[in-house]
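Me: Hi! I have a new structure open and would like to talk through how it packs. Could you walk me through it?

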Amino acid sequence: MLAKEQAVSFENDSPVAVTIYRVSRQMPHFHRDELEIIMCLQGTVEVYSMHEKHVLNAGDIKEADTYDIHTVTASAKASDNLVASFHFDLTHPLFAGKGYELLYYVCSSDGIDKSKKPALDMLRIVLWALLYEEVRRSELSSGADGADDRILALSAEVLQILRDSFQYFNDINLDDTYSKDLQDRFEHIIAYMLENYADRITMRDICKMEHLNYNYLSQFFKTTSLKTFRAFLHEIRVYHSEHLLLCNTEMSVPEIGYACGFSDPKFFYREFKKKHGHTPHQHRIWYRNYNKLVSDDTVFTLKEKKQVLNDCVACFYSDLICDTLIANPNRITF
């Protein structure tokens, strides 16, 4: 096994669990029902999410969706670091019935489009506020001074920001003229494809299911960065193949291709290499070598790192939060 499922413990029926740690090299892992946001507090770390490398400096964030295989490692340039991971329980009543478990996001500080920077800044503000409330709650009894209610509100705000600004739909869609109703319909189509990728899916079947004109749906995919329905389906299948490659190492590469809906192993090889820049076999070798040096995180309690957290929060209040709050006075209350 080259990657594993990692369970998260949520205390006091909270929708969020926050962990503060110093990282060396994590074991690649995923969470089944949790969305994670990784925030670098000090130093520099590297995050590999679905094998894409992201470099995070102090204050930077990267989201990891449910099912995303990801890992955090210390940067070779700076091994002294501090990281916060926010895990959101998508099975919690706060999020139940809202479809969050079917949505995917693209949210990372590095390489972000300028148009999304205000939303990213607001997301960081809410995360800092959530971290602050978690520190306070660690010093008080559960529910004292309204901390639990504020944590609920802030957790809901985090996922709402992700939903409004960082959905995968928004990332691949090059045409921003779609109405909210059409966006919801296209998101439903994407969710259906993500759930049924291993089956034989055709665009005509989806048109019939959604009562859409074939040419209209074809035109929609042409306006995305993926250009065609078939290319999108192949990307979803390659995305899911990584789990079988890393978590089911007893399976052969052709078996994995078939399991993910590819009818030809050679075609699977080609599509995988197009996405990752190397073959499925080379992918396994990379992670096998990476895992030779994995080590446990040094985990701290929130109280143990309170002064460091206070210093970090003070820095970001002066550099970012005050300006954003002035521009958005009614957006959030600390």
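Reply: Happy to! One term before we start: contact means heavy atoms within 4.5 Å. Also, keep in mind that this is a predicted model.

Me: Got it. Which helices do the buried residues of α5 pack against?

Reply: They pack against α4, α6 and α7. The buried residues in question are M203, I206, C207 and E210. They sit on the same side of α5, because they cover an arc of only 100 degrees around the axis.

Me: And what is exposed on the other side of α5?

Reply: That side has R204 and K208, which are exposed.

Me: Which residue follows α5, and what is its phi like?

Reply: H211 comes after the helix, and its phi is positive, near 55 degrees.

Me: Let's zoom out to the largest nonpolar core. Which of its residues touch the most other members?

Reply: Those are M193, L217, F221, F229 and F232, out of 42 residues in that core. Helices α3 (168-172), α4 (180-195), α5 (203-210), α6 (214-222), α7 (229-247), α8 (253-259) and α9 (265-276) each supply at least two of its residues. The most come from α7, which gives 10 residues.

Me: What is F229 in contact with, leaving aside its neighbours within four places in sequence?

Reply: F229 is then in contact with M193, I201, T202, M203, I206 and F221. There is also another core lying apart from the largest one, with 39 residues, including M39, A119, L159 and F300.

Me: Nice. Switching to strands: in what order do the 5 strands of the open sheet come?

Reply: The order is β7-β4-β9-β2-β10, and the pairing is antiparallel. β7 (61-64) and β10 are the edge strands, each pairing on one side only. On average, neighbouring strands in this sheet are turned by 25 degrees against each other, direction ignored.

Me: What about β4 and β7?

Reply: β4 (residues 34-42) and β7 run antiparallel and are joined by 4 bridges. In β7, K62 stands opposite I38.

Me: Rings next. How many aromatic pairs does a search of the whole structure find?

Reply: It finds 14 aromatic pairs. One of them is Y104 with Y239, which is edge-to-face, at 5.8 Å centre to centre and 85 degrees between the planes. This pair links distant parts of the chain, 135 residues apart: Y104 is in the loop between β9 and α1 (117-139), and Y239 is in helix α7.

Me: Are those two buried or exposed?

Reply: Both Y104 and Y239 are buried. A stacked pair is formed by W286 and Y290, at 5.4 Å centre to centre with 15 degrees between the planes. Both lie in helix α10 (residues 280-290), 4 residues apart, about one turn of the helix.

Me: Why does Y290 count as buried while W286 is partly exposed?

Reply: Buried means under 20% relative accessible area. Y290 is at 5%, so it counts as buried, whereas W286 has 29% and is therefore partly exposed. Along with Y48 and Y287, W286 and Y290 form one aromatic cluster.

Technical notes. Residues are numbered from 1 along each chain as its sequence is written. This is a predicted model: local features need pLDDT of at least 70, side-chain atom pairs count only at pLDDT 80 or more; totals for chains, interfaces and linings use all residues. Side-chain values use heavy atoms; hydrogens and water are left out. A nonpolar core is a set of buried Ala, Val, Leu, Ile, Met, Phe, Trp, Tyr and Cys residues joined through side-chain atoms within 4.5 Å. Buried means under 20% relative accessible area, exposed over 50%, partly exposed in between (1.4 Å probe, protein chains only). The arc is that of the directions from the helix axis to the C-beta atoms. Two strands pair if DSSP finds at least two bridges between them. Axes are lines fitted to C-alpha atoms, for helices over the stretch in contact, and angles run from 0 to 180 degrees between N-to-C directions. Rings of Phe, Tyr and Trp (its six-membered ring) pair if their centres lie within 6.5 Å; planes under 30 degrees apart count as stacked, over 60 as edge-to-face and the rest as tilted.
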